[in-house]
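Please consult the sequence and the structure alongside the text.

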Amino acid sequence: MQTRLHLLQDWTHHLQALLPGLRVTRVRGLALLSLGLIWAGTPQLGHIAATLPLPVQELSTVRRLRRWLATRAVPVVATWQPLARAFLAHRGQRELLLVFDPTPERDDATLLVLGLVVHRRVLPLAWHIVPGQTAWAHPTTAYLARLGQRVAAVLPPGVTVTRVVDRGLASAAVIDWCQRLGWHGLMRRNVDARQGVHVRLPDGTVCPAWACVPGPGRRWAGPVAAFQTQGWYAAELTSIWPVRSREPWVLLSDRPAGPARVREDRRRQQVEAVSQDGTTRGWNLEASTRTARNRLNRLPLALFLALWWSHLRGQQVVRRGERRRFDRTDRRECSLVRLGRRWMTWLLDHQRLPPLPFRYHHQQWTCRWRY
């Protein structure tokens, strides 16, 4: 218990130094909830309170966490931006792949997340809560642009960003806001006659994009013009029909067409991993009884902080060659997030402190472990 209390104190001091504009009581609430999510593995406040090493009754801790989730004085965006900036501080002069993931969390809410692809996982960088059953106040592209502006504000200098869009969001509007942010774009288009895109080839021929590959095992790549109704946007078309696929892949980008665009789109499919972190395989966000929209918006603030921390620790387990200690030997059953949580629990049980996700270095907070 003393080791857990020591870790909680160190974590609180780190967050206070990283968030100097936030009141101490609100920083402590964030520290309690984020660590409690790692230890309890569930957003239910009763289970979280049972794992926290506080010298008070559990009901008092539950009320404290409930007040923190309910207060509007905790600015979600202003609190998360310094944390995201610290996580990305060491990734300057690199290529980053961003993926947009709309995930229905419950019947009354949908979580829109713009995340960074790291190895085989998408880690959230910005999010927004929208209604689940009623019409949204703005189109999806408007929310996507808003999230992109938040991410652009925390990116380190010198990075090259590629934004991958699924087929349901591919449009000329996405190209426009990517250009305004200085990002590259990659979008996958539908291949049916009603929703598919027509392109203009270099010889002036206008045809469906999927017509460039006549059958399985064929591919075509080259410059085209797309989005005729918006005024023909210059793009690079990569069309490939895998042998075992029922339909071809149609990819549009502003970067040179070829196998590199296919690899980027395949990495986009890893977004399902971050969705599972919020379901029964992870923290089971749907089990939360926080029904108010403002409370549900603050819960991901602590959840995504715990997600980043656990993922970094899971990477450390793999680098140290200790995965066999916490996972099955015949196959991989645990994700890096679950590995990180198990390793942190094991260290605490053996009276050892797990590393914190941040460190103070050269007058800046940066991510402790590189990946």
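Helix H6 (residues 140-152) packs with helix H7 (172-181) at an angle of about 15 degrees, their axes lying 10 Å apart. The model is predicted: local features need pLDDT of at least 70 and side-chain atom pairs count only at pLDDT 80 or more, while totals for chains, interfaces and linings use all residues. Residues are numbered from 1 along each chain as its sequence is written, and side-chain values use heavy atoms, with hydrogens and water left out.

Helices (H or I, at least four residues) and strands (E, at least two) are DSSP runs, numbered from the N terminus. Axes are lines fitted to C-alpha atoms, for helices over the stretch in contact, and angles run from 0 to 180 degrees between N-to-C directions. Angles under 35 degrees count as roughly parallel, over 145 as roughly antiparallel, 65 to 115 as roughly perpendicular and the rest as oblique. H6 and H7 are therefore roughly parallel to each other.

The crossing of H6 and H7 is right-handed; this term applies if the near helix is turned clockwise from the far one by less than a right angle, and left-handed if anticlockwise. On the H6 side, Thr141, Leu144, Ala145, Gly148, Gln149 and Ala152 meet Val174, Trp177 and Leu181 of H7, contact meaning heavy atoms within 4.5 Å. The residues of this contact of H6 with H7 comprise six nonpolar, three polar and no charged. Here Ala, Val, Leu, Ile, Met, Phe, Trp, Tyr, Cys and Pro count as nonpolar, Asp, Glu, Lys and Arg as charged, and the others, Gly among them, as polar.

A second pair consists of helix H1 (residues 2-18) and helix H12 (residues 336-349), which pack at about 120 degrees with axes 8 Å apart. That angle makes H1 oblique to H12. Thr3, Arg4 and Leu7 in H1 meet Thr345, Leu348 and Asp349 in H12. Two nonpolar, two polar and two charged residues make up the contact of H1 with H12.

Leu30 belongs to helix H2 (residues 24-40). With a relative accessibility of 0%, Leu30 counts as buried (buried means under 20% relative accessible area, exposed over 50%, partly exposed in between, with a 1.4 Å probe and protein chains only). Beyond its neighbours within four places in sequence, Leu30 is in contact with Leu15, Leu19, Trp68, Thr79, Leu301, Ala302 and Leu305. Leu30 and Leu299 are 269 residues apart along the chain, and their C-alpha atoms are separated by 9.5 Å.

The structure holds 11 salt bridges, each a side-chain nitrogen of Lys or Arg within 4 Å of a carboxyl oxygen of Asp or Glu. The table presents examples.

| Salt bridge | Closest N and O atoms |
|---|---|
| Asp166 and Arg268 | 3.6 Å |
| Arg331 and Glu333 | 4.0 Å |

The bridge of Asp166 with Arg268 links distant parts of the chain, 102 residues apart: Asp166 is in the loop between strand S4 (160-165) and H7, and Arg268 is in helix H8 (residues 259-268). Asp166 is partly exposed at 35% relative accessibility, whereas Arg268 is buried at 11%. Arg331 is partly exposed at 45%, and Glu333 is partly exposed at 36%. Elsewhere, salt bridges that share partners join Glu95, Arg255, Arg261 and Glu264 into one network.
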